[in-house]
Structure formats: C-alpha cells, structure tokens
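Colleague: Hi! Could you walk me through this model?
Modeller: Happy to, here it is.

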Amino acid sequence: MGVSVAKIDDTIWSSFEIQPAPNPASDKEREAKLVDPGFGRIFTDHMAIVRYNQAKGWHDARVESRASFPLDPALAVLHYAQEIFEGLKAYTRDDGGVNLFRPDANARRFHNSAERMAMAPLPEPVFIEAVEQLVRIDCNWIPSGEGSLYLRPFMIASEIFLGVKPSSEYIFAVIASPVGSYFKGGPAPVSIWVSENYTRAAVGGTGAVKCGGNYAASLRAQAEAMDHGCDQVVFLDAVERRYVEELGGMNIFFVFDDGSLLTPPLGTILPGITRDSVIALAKASGTHVREELYTLDQWRADAASGKLKEAFACGTAAVISPIGKVCSANGDFLIGDGTGGPVATGLRKQLVDIQYGRAADPHDWIRKVL
Ligand SMILES: *Cc1c(COP(=O)(O)O)cnc(C)c1O
C-alpha cells in the first residue's frame, strides 16, 4: 500500500540515493580550476536534487552528476518566475575538517520563501541533508586558505503549464561553486549609489524573501549605480523614499561615535543571516544595537558632522564590506575618510574566525560536516 505524503517527507532525509559521477574532474583539472576560482563560474562534479509532485510529495532524493535540466518552453518558472534560492558556504578548518555556518537558518528562511511564493515548502531536515551530502561528496573542491565552497540551494516551478496558478511540481536542487577570498588583501571600501528612480520592495511584497525576481527587479538600478561609477546600489523605502533599506543583495549597518550600531528594521528587507549574526556578536560584546529607521538626509548630516563613524554592508558572499562613499543625484559624501574603519574590520574578523573554526562558537552556529 502507498505511503502517505507526510511519511515520505519525513523519511526522505535519510534516504538520499548517492550516484557518484562516472567522470569527475581529474585531480589535475580540479587543482587548475581552484588556483583562481573567482565567484560563481566554476562548479563541482555533483548536485543534490529532490522532486515534488502533488501525488508523491517530496521524493526521489539523490546526489548525482551535475547535469542540465530538460527545459520545456512551457516550464512554469520561465513564465511566472516561481523561483527561490539560498546562499551559504562550507569552510575548511585548520584540522582539515569542514564547517557549515548556520545551515538551519538558511533552511528556515527557504521554508518561509517557499510559503510566500506559494511553492511546496521543503522540510528543513531535507534541505540540510541535501547540503551536507553535496559537501561531503565534493569536499575535495573546497579551496584551502581563505577560500570557501559557495552552496546554492534553489527551487523552481517545474510544471509544464501556462495557466497562472501555483505550480503542482517543483525541483529542489543544490549546486556548489568554489570561491576565492572575496577580497584579496582585506576588504576594500565600496562606493554606493542611492537609487531614487527605482525601489526594491514594498510592504506586502516579496522584499523579505529570497526570490530571483527581487534580483531581476534590482538589476536596472545596479546598472545605474555602475553608470555613476559606483560598485553597488542602495535602495530607499517605496512609500516615502526617505528611509535607507538595503543594497541589492546585502544588508546595511551604521556605526556612530558613541560606539553604537544601527541597522534598518526587518519588514521589507531581506532578513540576512549575516545581519543577524552581526547583531548577536555586537550585543554579546556590550555594543548597543538599534534596529530603527534611518533616513538618507540623516545619513548625510551624520556623515558631515562626524557623528557617523562607519557604514558597512553585509551578506554571506562578501561577509562585511566597508562603505567608503555614497553618491546620489543630490551630491556625494564620504563616510569618515572613505577608507573603512575598525568596527567593520573587527566584526568581520570575529565572524570569519568562527566560520573557519579558529575561534570559539558561543552561539552554536557551526555544523561540522566532516
Ligand atoms: C541574501 C541576501 C542578503 C544577505 O543575506 P545573508 O543571509 O546574510 O547572506 C541581503 N539582502 C538580499 C536582498 C539578499 O538576497
């Protein structure tokens, strides 16, 4: 007799079928690719994949050779963009073992993203197991030193149907990409452009979930930033166009002369795991952290008066990037002397040391995979 859907979902985590790639990269090929991997261009030999349909629930969990998906022109995701993703990293410890950083937080956020996008929520243990299995089988792709293995779990609507409704079928997969240190020789300060023509998210929209569509909508603003000679774009709120929200793919923090930190409150911004970790680290060391609205005008005034000492952006890919300069249609201003500061550098070191297992882990963030 058939097993209930719930039953399959609950037991699938222990039943990934592992099919090692018949033709993995040779040691020589792999080592050549790992010399200067850059970001997101090189991929490992395998992927993890789990399928969903209404009859079976989540099923057919496997780790197999990384390969293309068949791409029917009527695949739902191609038309209505039902797609969500995550980003996390695996780090090599000095003892040769491998750490994941807060994968449970990524699993929970992925679950929330699926609910907002009317997709089938993936049980959190399945998400974590898929990530761990992929890291184990492709562990020889993790760069040593300050590099890491960037993991990209994602889910697409895979029903072949043009009707506008939630898909009845989904593919969840995890792929992995070795990445070098994001910044060679320490983080260089970034310049950011204030987007006054475009917004990223409104109350009730999808700003707080990690869906591909948010990025599609941010690219024009990012291109405008680059046209103005800036590295990144920062968005203001969609209603009053006054409050600083976040960058295209990173959260933002401000550091004041009394040592306190301020970061915009959750709501329309993406609840970054790096943001949450920075708040926890700062609070644990006695720093006052406020999650409060902050206007562009106040930012400009505080930078001019010297009340604002630093600003930085944070996210999994780049960890913490100091913001050196802010450019807008109403003129540019520097943060401090434009070279970054000790608070961003110190928080970055604290976080990276925990991730690589070089420091104690009082918040229980590390999951040892190997
Ligand atoms: C992923 C993401 C972040 C950073 O989240 P982390 O969990 O810290 O990597 C910030 N903003 C947006 C829009 C994002 O998509």
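Modeller: One term before we start: a residue is buried if 20 or more other C-beta atoms lie within 10 Å of its own, exposed if 12 or fewer, and partly exposed in between, with C-beta atoms placed from the backbone. Also, this is a predicted model, where local features need pLDDT of at least 70 and side-chain atom pairs count only at pLDDT 80 or more, while totals for chains, interfaces and linings use all residues. Residues are numbered from 1 along each chain as its sequence is written.

Colleague: Thanks! So is Val352 buried, exposed or partly exposed?
Modeller: Val352 is partly exposed, because 18 other C-beta atoms lie within 10 Å. Val352 belongs to helix 9; helices (H or I, at least four residues) and strands (E, at least two) are DSSP runs, numbered from the N terminus.

Colleague: What about the length of helix 9?
Modeller: Helix 9 covers residues 342-355, and its 14 residues reach 20 Å from first C-alpha to last, close to the 20 Å expected at 1.5 Å a residue. The expected span is 1.5 Å times one less than the number of residues. Just after helix 9, Gly357 has a positive phi of about 75°.

Colleague: Which residues other than glycine have a positive phi?
Modeller: Asp60 is one of them, with phi near 60°, and Ala81 is another, at about 60°. For context, most residues other than glycine have a negative phi. Asp60 lies in strand 3 (residues 57-65), whereas Ala81 lies in the loop between helix 3 (76-80) and strand 4 (83-85). Asp60 is partly exposed, with 16 other C-beta atoms within 10 Å; Ala81 is partly exposed too, with 14.

Colleague: Switching to helix 5, how many of its residues are buried?
Modeller: Ten of its 14 residues are buried, so helix 5 is mostly covered. Among them are Phe127, Glu129, Glu132 and Leu134.

Colleague: Now the ligand. Which residues come nearest?
Modeller: Gly272, Ile273, Thr274, Gly315 and Thr316 come nearest, out of 13 residues around the ligand. A residue counts as near if its C-beta atom, placed from the backbone, lies within 6 Å.

Colleague: Which helix gives the most to that shell?
Modeller: Helix 7 (residues 273-284), with three residues. By class, the shell has three nonpolar, seven polar and three charged residues. Here Ala, Val, Leu, Ile, Met, Phe, Trp, Tyr, Cys and Pro count as nonpolar, Asp, Glu, Lys and Arg as charged, and the others, Gly among them, as polar.

Colleague: Last one: what does the chain look like overall?
Modeller: The chain has nine helices and 18 strands. Its radius of gyration is 21 Å, close to the 21 Å that the globule rule gives for 370 residues, so the chain is as compact as a globular protein of that length. That radius is taken over C-alpha atoms, and the rule is 2.2 Å times the number of residues to the power 0.38. Buried residues make up 41% of the 370 residues.
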